[in-house]
Amino acid sequence: MALASRIMSRSRQLYAGQILLQQGHAGQVRSFAKEAAPATDLKGDQMLKNIFLDVKNKFETAMSVLRTEKITIDPEDPTAVSQYAKVMKTIREKADLFSESQRIQFTIQQKTQDIPDARTYLLTLKEIRIKRGLTDDLGAEALMIDALEKIEKDLKKPLMRNDKKGMALLVAEFDKINKTLGIRKEELPKYEEQLELSIAKAQLEDLKKNALEAMETQKKREEFKDEPMVDVKSLDIRNFI
């Protein structure tokens with residue numbers, strides 16, 4: 001157990017810091033800075049101080065949750081994945097962090113607000129999806145581009161986002177696509193939950209991989225060479241925070 005204790009003790013703050021980054025605080029810092037910039041009575045040093053104080057408070061909030069909530073590092077166990085997702089949700093709510101869907105929404109708003117035409121808008125959405133590591137298993141993007149080309153062929157010109165009539169026609173085509181693919185707006189919360197569970201599983205897989213690699217590295221040291229490897233599922237992070 002000494003081997004596991006050494007690893008967990010040295011990595012506890014890094015673990016909480018990774019959670020802050022994974023849950024979207026970087027986007028919130030950018031938003032905070034953008035909102036704070038126009039204030040003429042707020043000097044640069046004070047603005048930075050406020051930002052880092054906010055980060056510090058959120059870090060401490062995350063640590064306080066991790067000290068009380070049980071996390072089992074077992075990405076193959078649906079119960080463990082669900083519990084991990086629940087803990088991350090608790091951290092987000094208490095620390096006022098973005099969920100993944102909120103991060104995506106924030107990114108879309110920031111990246112597309114000045115885009116004038118529908119085609120560039122859709123291509124930008126594709127870029128955001130790829131950068132987020134999301135897959136288009138249903139082939140919705142190709143169908144949306146096809147719908148756009150149909151509308152633009154009828155209009156005989158590129159579709160601009162301020163063209164209310166043309167955009168209404170495109171949205172109607174999108175509604176048809178969603179119906180064909182079985183996507184229902186009222187089920188969006190379920191899709192968001194599925195997304196968060198998939199992210200939780202991926203993060204647990206990373207934690208398991210990092211823990212195993214750390215134990216292998218430590219085991220090469222003389223003081224740990226005779227100590228057996230522990231099962232990562234048996235590690236309780238709360239004991240090392």
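Good morning. In this protein, residues 24 or more positions apart account for 69% of the contacts with a separation of 6 or more.

The secondary structure comprises 9 helices and 0 strands. Followed along the sequence, the pattern is accordingly written α-α-α-α-α-α-α-α-α. Of the 241 residues in the protein, 34% are buried.

Let me turn to the helix pairs. Helix α5 covers residues 100-112 and helix α6 covers residues 118-131; these two pack at an angle of about 140°, with their axes 10 Å apart. Angles over 145 degrees would count as roughly antiparallel, and α5 and α6 are therefore oblique to each other. Their crossing is right-handed. On the α5 side, the contact is made by Thr107, Ile108, Lys111 and Thr112, while α6 contributes Tyr121, Thr124, Leu125 and Ile128.

Helix α6 also packs against helix α7, which spans residues 140-155; the axes come within 10 Å and cross at roughly 175°. How are α6 and α7 oriented to each other? They are roughly antiparallel, because an angle over 145 degrees falls in that class. From α6, the residues in this contact are Ala118, Arg119, Leu122, Lys126 and Arg129. From α7, they are Glu141, Met144, Ile145, Leu148, Glu149 and Glu152.

Is Ile115 buried or exposed? Its relative accessible area is 12%, and since buried means under 20%, Ile115 counts as buried. Leaving aside residues up to four places away in sequence, Ile115 touches Thr120, Tyr121, Thr124 and Arg161. Two of these names have come up already: Tyr121 and Thr124 of α6 also take part in the contact with α5. Ile115 and Met160 are 45 residues apart in sequence, and their C-alpha atoms are 9.1 Å apart in space.

Now to the aromatic residues. The structure holds 1 aromatic pair. The ring centres of Phe98 and Phe106 are 5.5 Å apart and the ring planes stand at 50°, so the pair is tilted. Both Phe98 and Phe106 are buried.

Finally, I would draw your attention to two backbone positions. As background, most residues other than glycine have a negative phi. Asp96 is not a glycine, yet it has a positive phi of about 60°. Asp96 lies in the loop between α4, residues 78-95, and α5. With 53% relative accessibility, Asp96 counts as exposed, because the class begins over 50%.

Where is Lys156 placed? It sits in the loop between α7 and α8, the latter being residues 164-181. Phi of Lys156 is likewise positive, near 60°, in a residue other than glycine. Lys156 is exposed, with a relative accessible area of 75%.

The predicted model has 9 helices and 0 strands. Helix α6 is oblique to α5 and roughly antiparallel to α7. Thank you for your attention.

Key
Residues are numbered from 1 along each chain as its sequence is written. This is a predicted model: local features need pLDDT of at least 70, side-chain atom pairs count only at pLDDT 80 or more; totals for chains, interfaces and linings use all residues. Side-chain values use heavy atoms; hydrogens and water are left out. Helices (H or I, at least four residues) and strands (E, at least two) are DSSP runs, numbered from the N terminus. Buried means under 20% relative accessible area, exposed over 50%, partly exposed in between (1.4 Å probe, protein chains only). Contact means heavy atoms within 4.5 Å. Rings of Phe, Tyr and Trp (its six-membered ring) pair if their centres lie within 6.5 Å; planes under 30 degrees apart count as stacked, over 60 as edge-to-face and the rest as tilted. Axes are lines fitted to C-alpha atoms, for helices over the stretch in contact, and angles run from 0 to 180 degrees between N-to-C directions. Angles under 35 degrees count as roughly parallel, over 145 as roughly antiparallel, 65 to 115 as roughly perpendicular and the rest as oblique. A crossing is left-handed if the near helix is turned anticlockwise from the far one by less than a right angle, and right-handed if clockwise.
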